[in-house]
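Here's a quick tour for anyone meeting this structure for the first time. Have a look at the sequence and the model, then read on.

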Amino acid sequence: MSFRKVVRQSKFRHVFGQPVKNDHCYEDIRVSRVTWDSTFCAVNPKFLAVIVEASGGGAFLVLPLSKTGRIDKAYPTVCGHTGPVLDIDWCPHNDEVIASGSEDCTVMVWQIPENGLTSPLTEPVVVLEGHTKRVGIIAWHPTARNVLLSAGCDNVVLIWNVGTAEELYRLDGLHPDLIYNVSWNRSGNLFCSACKDKSVRIIDPRRGTLVAEREKAHEGARPMRAIFLADGKVFTTGFSRMSERQLALWDPENLEEPMALQELDSSNGALLPFYDPDTSVVYVCGKGDSSIRYFEITEEPPYIHFLNTFTSKEPQRGMGSMPKRGLEVSKCEIARFYKLHERKCEPIVMTVPRKSDLFQDDLYPDTAGPEAALEAEEWVSGQDADPILISLREAYVPSKQRDLKISRRNVLSDSRPAVAPGSSRLGAPASTTTAADATPSGSLARAGEAGKLEEVMQELRALRALVKEQGERICRLEEQLGRMENGDA
């Protein structure tokens, strides 16, 4: 009797990775040498940010995506921290806003000019001070505007309202040791964390309570990572007792045993997982590896299915992942990574081979857009919401015209450092949507300029009237003085 091996059907079975040509890489970037298991890189549809070596403080580079090639040594950086920068994260609701955590114990939020930096940026919009040791983890809330999580080497997790620069929640008794990473779930009502005590915890930040905990999720002593998947499951990477690298999938309802556990190899670099909730594909990149492995997560056993490995010659110092709305849907691109070498950043494109040029609905379900589903105050009051989804079908145009035209409030540009609660309009609830909200940003800017011009003209008219009035008064006083001197008065 003969048995045929049945190959599991998957549209992602033939996904292949391809580095871009050299002239589309970012050359001569001095990537940070800090010994911290961060990605060192963050990317969105407008900008690429990379933590770089800096003397006398901490800095990171922000480049428009189109600025490829050799980067001048004198190119301006974001350099307001007094210690090395450890982590950076772009705001999911504003492509020009980025937060950074540093060894100087502060979190800073920056507004990047629309066309990129022309001079060094030293003044953050908001400085958040509350940690007593270096801040190594930064994570924006996925659905609530201006809500930011930071975690430090003081084993404290802080949740901030960036709009008012106030501390919303302080979680300081839940982690007895160093926190390796933090990941929000899809709606942002819970987050999971991996800790040096080998435990994975699921935490409700608004109640400050531990929802679930798994001790010794991975028995090895080296760093772990834990991320939430779209269906509420938790995916972890770590090490076995024999120092072999492992992947595991957990059900938060029952953390006694993993749903799936796979051993990869015996390398010693920490595994950094990147998850795509639209396709349920997890990409795993090892620090110091020269490969990216990818796996599909399914509802049926064995749950974690190995798809393929992208391999290159150079080891990676760090890695950034492009949000889905920044991809080239016309080329069936389902992921793009920005791999950091010692002196350059190399984009790697993951593609599903398809013959058709039409929009592929099965590859691009509606994805999280840049509009916040909640305001910070609504989230604090107990409301939850899933991300507001957008279709990528409209993005099916040549790449030069692919700028996002989504109208949204510019959350940070209209206020300089917000210090006292309530002193800034950053976190204020959005007013009821009107026709003006749907206006493209260019015409909004023109309308704003016209309003300012009218204001200046009104002030000028008032000033002229005042000068005329004062002139007449001076004339009257001079006449009176003349009469007094002549003895007429």
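Does K233 count as buried or exposed? K233 counts as buried, because its relative accessibility is 18% and the cut-off for buried is under 20%. Keep in mind that you're looking at a predicted model.

## Salt bridges

K233 has a charged partner: its side chain meets that of D231 in a salt bridge, at 3.7 Å from N to O. D231 is partly exposed, at 43% relative accessibility. A search of the whole structure turns up 24 salt bridges.

Another one joins E371 and R145, at 3.4 Å from N to O. E371 sits in the loop between β31 and α1, and R145 in the loop between β12 and β13, so this pair ties together parts that are 226 residues apart in sequence. R145 is buried at 4% relative accessibility, while E371 is partly exposed at 25%.

Then there's R354 with D362, whose closest N and O atoms are 2.9 Å apart. There's also a network of salt bridges linking D28, R70, K73 and R343.

## A four-stranded sheet

Now for some strands. An open sheet runs in the order β24-β25-β26-β27, with antiparallel pairing. Its edge strands, β24 (271-276) and β27 (304-311), each pair on one side only. Neighbouring strands are turned by 25 degrees against each other on average, ignoring direction.

Inside the sheet, β25 and β26 pair over five bridges. V282 has F295 in β26 as its bridge partner.

L460 belongs to helix α2, residues 441-485, and is partly exposed at 40% relative accessibility.

Technical notes: Residues are numbered from 1 along each chain as its sequence is written. This is a predicted model: local features need pLDDT of at least 70, side-chain atom pairs count only at pLDDT 80 or more; totals for chains, interfaces and linings use all residues. Side-chain values use heavy atoms; hydrogens and water are left out. Two strands pair if DSSP finds at least two bridges between them. Helices (H or I, at least four residues) and strands (E, at least two) are DSSP runs, numbered from the N terminus. Axes are lines fitted to C-alpha atoms, for helices over the stretch in contact, and angles run from 0 to 180 degrees between N-to-C directions. Buried means under 20% relative accessible area, exposed over 50%, partly exposed in between (1.4 Å probe, protein chains only). A salt bridge is a side-chain nitrogen of Lys or Arg within 4 Å of a carboxyl oxygen of Asp or Glu.
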